[in-house]
Amino acid sequence: MENQSNGSKSQAYIEGSAVKETRALVAELCRHFYTLGWVSGTGGSITIKAHDESIPKSNQLIVMSPSGVQKERMVAEDMYVLGSDGSVLSSPSHKGYPHKPPKCTECAPLFMKITHMEMIKGIQGHGYHDELVIPIVENTAREGELTDALSEAIEAYPKATAVLVRNHGIYVWGDSWISAKTQAECYHYLFDAAIRLHQLGLDWSTPSHGPVHRVKELHSNGVIGLHENHARYPNLHCILLDIEGTTTPISFVTDVLFPYAHQNVRKHLDATYDTEETQEDIKLLRAQVEDDLKDGLSSLPIPPADTGKEEVIASVVANGHIWRVGYQNNELEGVVFADVHDALEKWHALGIKVYIYSSGSREAQRLIFGKSNYGDLRKYLYGFFDTTIGHKRDARSYSEISLSLGVDRPSEILFLTDVYQEALAAKEAGLEAIITVRPGNAPLPENHGFKTVQSFSEI
């Protein structure tokens, strides 16, 4: 009877509010960290103990994000629940085709080895004048094989709250999710500061250079003076970019993307619609779009097969997924203006985080910058927003983005767009805004009141 009673208590704990709330929190943090650019795609994992006052800390259950699930699409039901010994007590259900069977992250044995926590001010146990030691271990082919190296690093440096895995990433831990998140932000800041100091030719390990009074912009041929716009935006932390008419010619969309969809996809679908292969492709795409609709990532469903050939083909052509094949086959190449690459490189060197906000889907945005005429530019971008966060002419959308980026004030974000109404909405939300004047853009109203630029080199 005692074993049965203990089993009932354990099941009640698994199904209780503490675990449910922790599942939802892990899913929310996965999506938030993805938006911040801290994790990408299926990379990275988050693990949090389900805090319950009635359960000893050493026996509290562990909620762990799964492997192989896009962070921006993570939901509470995707989580694993582990016992304090690392055993899996609850697994997510298989969603069925075309989804892969669920799999617990290979980081699990690494997380189970993390038992102690002590941070330069924000990192417990350290002050401004203290030395922060971060163990570095060599990477392995699989994350699960890092367990021994991580254990040795923790034993050698008991005050460490993070371990850096060469060419892989950093593992950060804490005695609560708030502590771990705070420390992750601190480590992110410290590594970022070290890189910036190194790029400026300053010794980041021994701050004998004294205070740095002027932040200078970097160019490939050395260091030059401040641009006038740095004085205008002294507290600038982030830049938010529109795509069409700002980073990319409007003609790329109207003369390249739309014709590609109509000429290639519609022609192919018309010719092969009744074949088993094409029907299977449409079925897969329909399932993908249905999932996106549930997650708020798409607003354009593909109707069932019995709706009629023309309507189904029209919806497939209009859906953003169809351009992926064009980029993969090198039939499409994203286009950005000549000044965009240099500006992204400069802002990145200055430590300014750049994000994209476009009416096109986030997948379409990544394709444009990932396969551009200047190579893969995604390394300069920290995140992507589309209209699932709100309409671009609605001030509330920019308020939501400000909250997502974690700035102290909306004015720390500079928004660049070619559309007057969007600039107006951003300004209403407290952001700084500049209107880009590019070839092919619509004329602006007289006395619109915004600063305008014809090139990012002016910023």
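1. Cysteine 238 counts as buried in this predicted model, its relative accessibility being 4%. Because buried means under 20% relative accessible area, that value places cysteine 238 within the category. Cysteine 30 is likewise assigned as buried, with a relative accessible area of 1%. The count of disulfides in the model comes to 0. A disulfide is a covalent bond between the sulfur atoms of two cysteines.

2. Strand E12 spans residues 238-241, and the loop that runs from this strand to helix H7 (250-272) holds aspartate 242. Aspartate 242 is buried, as its relative accessible area is 4%. Its side chain makes a polar contact, at 3.0 Å, with the side chain of threonine 246.

3. Leaving aside residues up to four places away in sequence, aspartate 242 touches Thr247, Tyr357, Lys392, Phe415, Leu416, Thr417, Asp418 and Glu422. The reader may wish to display these residues together with threonine 246, the partner of aspartate 242 in the side-chain polar contact.

4. Helix H7 contains alanine 261. This alanine is buried, with 1% relative accessible area. Between alanine 261 and tryptophan 323 there are 62 residues of separation in sequence, while their C-alpha atoms are 7.2 Å apart in space.

5. An open sheet is built from 4 strands in the order E1-E2-E4-E5, with antiparallel pairing. Its edges are strand E1 (47-49) and strand E5 (88-90); each has a single partner strand, so one side of each is left without a neighbour in the sheet. On average, neighbouring strands of this sheet are turned by 35° against each other, direction ignored.

6. How many bridges join E1 to strand E2? There are 3, and the two strands run antiparallel, with E2 covering residues 62-64.

7. Which helix lies across E1, E2, strand E4 and E5? Helix H2, made up of residues 17-36, takes this position, and strand E4 covers residues 80-82. The helix runs at about 155° to E1.

8. One is the loop with aspartate 242, between strand E12 and helix H7. Another is the pair alanine 261 and tryptophan 323, 7.2 Å apart from C-alpha to C-alpha.

Key. Residues numbered from 1 in each chain as written. Predicted model: local features only at pLDDT ≥ 70, side-chain atom pairs only at ≥ 80, totals over all residues. Heavy atoms only, no water. Buried < 20%, exposed > 50% of the residue type's maximum accessible area, 1.4 Å probe, protein only. Polar contact = N/O pair within 3.5 Å; in protein donor to acceptor, adjacent residues only side chain to side chain. Contact = heavy atoms within 4.5 Å. Disulfide = S-S within 2.5 Å. Pairing = 2+ DSSP bridges. Axes fitted to C-alpha atoms, helices over the stretch in contact; angles between N-to-C directions.
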